[in-house]
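Here is a short briefing on a single protein model. Please look over the sequence and the structure first.

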Amino acid sequence: NQFNNGAVSNAVWSGTTLNSLLENVDLDDDVVEILFEGADVGSPTDGKDPEPYLRSISLELAKHDDTLLAYEMNGEDLPLEHGYPIRLLVPGWYGMAHVKWLTKITALTKPFSGYFQGEKYVLRYKDGTEKPVQEMQVKSSITSPIENETLRCGTVYHVKGHAWSGRTNIAKVEVSVDDGNSWNGAQLTGPSEQYSWQPWTYEWIPKSPGRYTILSRATNDKGTQQPSESIWNELGYQVNGIKSISVQVVE
């Protein structure tokens, strides 16, 4: 699924906390995870029998106040394509955790490992180590100007974009207009809300014609900086390396 930046979005979700439901259930003391089943069923790959989409989260995360059973998106009923009538929402985690079209919730006494949790959405590195895909990593993206746009010398431009960092907030965004040789602080704009993307802007006046490579990098409030390159893994998850754009400046 080569979404590129078109898959990046930001929404306001409403619902009820998952914990408010769990508090009305007599869970056994040995429960360690909560399993979620979606209505979407299919063969995940050739040679495998059809199965529903299944994912689990730890009991601790399930009881977090911000883990939702969401039924509204942007002030309206949840759209069908986003999981109507109800979906799981785990703020700050990648999309695979947000099980859509919920049909069943099960308490587990042993950790779950299904196709979409044990075979897919697993980070497998070159050294043989593995770990699950979970919380979003710090990242920024340039939305203006666009790749190969033509700009004029002496004109004021605002390099703009968004940054995000899972369950931590963005502390700063820096911009380079010379392919990373020097960096300047961008201005964080708009609201700064937990779990949301952070808009930013940087004022730039190109002074001479030529080809320019523009970069952005974000740092979260834990001090983690967006890496220059994504860490390779077998299935290509957590692609958060710096992504450049190239523009042409003319007289």
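Pro 85 sits in the loop between β5 (76-77) and β6 (87-89). Helices (H or I, at least four residues) and strands (E, at least two) are DSSP runs, numbered from the N terminus. The model is predicted: local features need pLDDT of at least 70, side-chain atom pairs count only at pLDDT 80 or more, and totals for chains, interfaces and linings use all residues. Residues are numbered from 1 along each chain as its sequence is written, and side-chain values use heavy atoms, with hydrogens and water left out.

**Backbone geometry**

- A cis peptide bond joins Tyr 84 to Pro 85, with omega about 10 degrees.
- Another cis peptide bond runs from Ser 144 to Pro 145, with omega near 0 degrees.
- Pro 145 lies in the loop between β10 (139-144) and β11 (150-152).
- Asp 179 is not a glycine, yet its phi is positive, near 60 degrees.
- The loop between β13 (170-176) and β14 (184-185) holds Asp 179.
- Gln 238, also not a glycine, has a positive phi of about 55 degrees.
- Gln 238 is in the loop between β17 and β18 (245-250).
- Gln 238 counts as buried because its relative accessibility is 17%; buried means under 20% relative accessible area, exposed over 50%, and partly exposed in between (1.4 Å probe, protein chains only).
- For context, most residues other than glycine have a negative phi, and most peptide bonds are trans.

**Overall build**

- The secondary structure comprises 3 helices and 18 strands.
- The C-alpha trace spans about 70 × 40 × 35 Å along its principal axes.
- The protein has 251 residues, and 38% of them count as buried.
- The accessible surface is about 14100 Å², with 46% of it belonging to carbon and sulfur atoms.
- Accessible areas come from the Shrake-Rupley method with a 1.4 Å probe; for residues, only the protein chains shown count as cover.
- Among contacts (heavy atoms within 4.5 Å) with a separation of 6 or more, 68% join residues 24 or more positions apart.

**Salt bridges**

- The structure holds 4 salt bridges, each defined as a side-chain nitrogen of Lys or Arg within 4 Å of a carboxyl oxygen of Asp or Glu.
- One of them pairs Glu 119 with Lys 48 at 3.3 Å, N to O.
- Glu 119 lies in helix α3 (residues 115-119) and Lys 48 in the loop between β2 and β3 (51-58), so this pair ties together parts that are 71 residues apart in sequence.
- Glu 119 is partly exposed, at 38% relative accessible area.
- Lys 48 is partly exposed too, at 30% relative accessibility.
- Arg 124, Glu 130 and Glu 234 are linked in a network of salt bridges.
- Glu 234 lies in the loop between β17 and β18 and Arg 124 in strand β8 (residues 122-124), so the pair ties together parts that are 110 residues apart in sequence.
- Arg 124 is buried, because its relative accessible area is 16%.

**Charge**

- The protein carries 21 positive and 33 negative charges, and their mean positions are 7 Å apart.
- Lys and Arg count as positive and Asp and Glu as negative; His and the chain ends are not counted.
- Each charge is placed at NZ of Lys, CZ of Arg, CG of Asp or CD of Glu.
- Asp 26, Asp 28, Asp 29 and Asp 30 form a patch of negative charge on the surface.
- Patches are made of residues with over 30% relative accessible area and no salt bridge: like charges are joined within 9 Å, nonpolar side chains (Val, Leu, Ile, Met, Phe, Trp, Tyr) within 5 Å.
- Asp 30 is in the loop between α1 (18-22) and β2 (33-42).
- Asp 30 counts as partly exposed, at 45% relative accessibility.

**Around Pro 206**

- Pro 206 is in the loop between β16 (198-204) and β17 (210-220).
- Pro 206 counts as buried because its relative accessibility is 1%.
- Neighbours within four places in sequence aside, Pro 206 contacts Arg 152, Cys 153, Gly 154, Thr 155, Tyr 157 and Val 249.
- Ser 165 is 41 residues from Pro 206 in sequence and 30 Å away in space, C-alpha to C-alpha.
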